[in-house]
Amino acid sequence: MEVGNRTILTKFILVGISADPRWQLILFVTFLMLYLLTMAGNMTLVILIKIDARLHTPMYHLLGNLSFLDFWYTSVYTPKILANCFSEDRRISLAGCGAQFFFSCVAVYTESYLLASMAYDRYVAICHPLLYSGTMSSSVCNRLVAGSYIGGFLNAIAHTANTFRLSFCGNNVIDHFLCDVLPLVKMSCTDTRVYVIILSSMVGFAFLSCLLAILISYAHILLAILRIRSASGRRKAFSTCASHLVSVMLFYGSLLFVYTRTSASYSLESDKVAALFYTIINPLLNPVIYSFRNKDVKEAFRKAILTTQPQA
């Protein structure tokens, strides 16, 4: 399609992690193993939370949805990465790029809202333990989850529609493994000033409001922990939210690294590494973070293994 003297792009070429053919087998095996481990870890956590009655609490209900999102998120990108390792045709259509962009936005926005909901859950559990069962009832918990997904879908629709109303022309090679905002904006032959203002306002409001809710929750949690007299009590209270705090730092840290840098400090290679971290590594690490020192999850896993073994 041509507009004036410019050809409007309808297909892109994703270079991937590396264009060097010597690396393709190593990359394929590495990402296949990471993907299988991510699927196994997150689906195991979802199943354990579903089948074990002791894990039928608001905290684990939210955690189960986080694991589902992590499985979803890594599935948006990894199959394409694996396919490109052995395919000479690395093209992706404009519609395919838009679909990848949309579903990744759904996962990112929803996870952001869900992490804020989990922070609120920890705030109620530590600061108002006697009111916890009433405040975090199953209906409230379900509304928090539903609100996270609705907010994720609405933001993703606005984000995707705002991005793909742009026209793309020139070189159709994207030196990345995903259709992301930064390379797409560089390929735009439309004035992006209004787009950048809308995008910055929308993304800034969504993520900063979630981050502010998390910070406020943890400020109250910290004050409540400092008021506990015994050291063992403080350790126990902190241990209930340590995993969530690590998950928040990994999630927001990698996103902020990619999307808050100035153009002068932009580096394609560091951008790829950071993108790998929040698309592939974070979903792999979350089940480990939430299960490593969690006695309830370990016991549920041990019980599930015992029930699957044949009786002597």
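I looked up Phe251 and found it buried, because its relative accessible area is 3%, where buried means under 20%, exposed over 50% and partly exposed in between, with a 1.4 Å probe and protein chains only. Tyr252 also counts as buried, at 5% relative accessibility.

I noted that the model is predicted, that local features need pLDDT of at least 70 and side-chain atom pairs pLDDT 80 or more, while totals for chains, interfaces and linings use all residues. Residues are numbered from 1 along each chain as its sequence is written, and side-chain values use heavy atoms, with hydrogens and water left out.

I then checked ring pairs, for which the centres of Phe, Tyr or Trp rings (for Trp, the six-membered ring) must lie within 6.5 Å, with planes under 30 degrees apart counted as stacked, over 60 as edge-to-face and the rest as tilted. The count is 15 aromatic pairs. Phe68 and Trp72 form an edge-to-face pair, because their centres are 6.1 Å apart and their planes stand at 65°. Both residues lie in helix 2 (residues 58–86), four residues apart, about one turn of the helix; helices here are DSSP runs of H or I of at least four residues, strands are E runs of at least two, and both are numbered from the N terminus. Phe68 is partly exposed at 34%, whereas Trp72 is buried at 17%. Phe251 and Tyr252 are also edge-to-face, at 5.1 Å centre to centre and 85° between the planes.

Finally, I looked up the open sheet, whose three strands have the order 4-3-5 with mixed pairing, where strands pair if DSSP finds at least two bridges between them.
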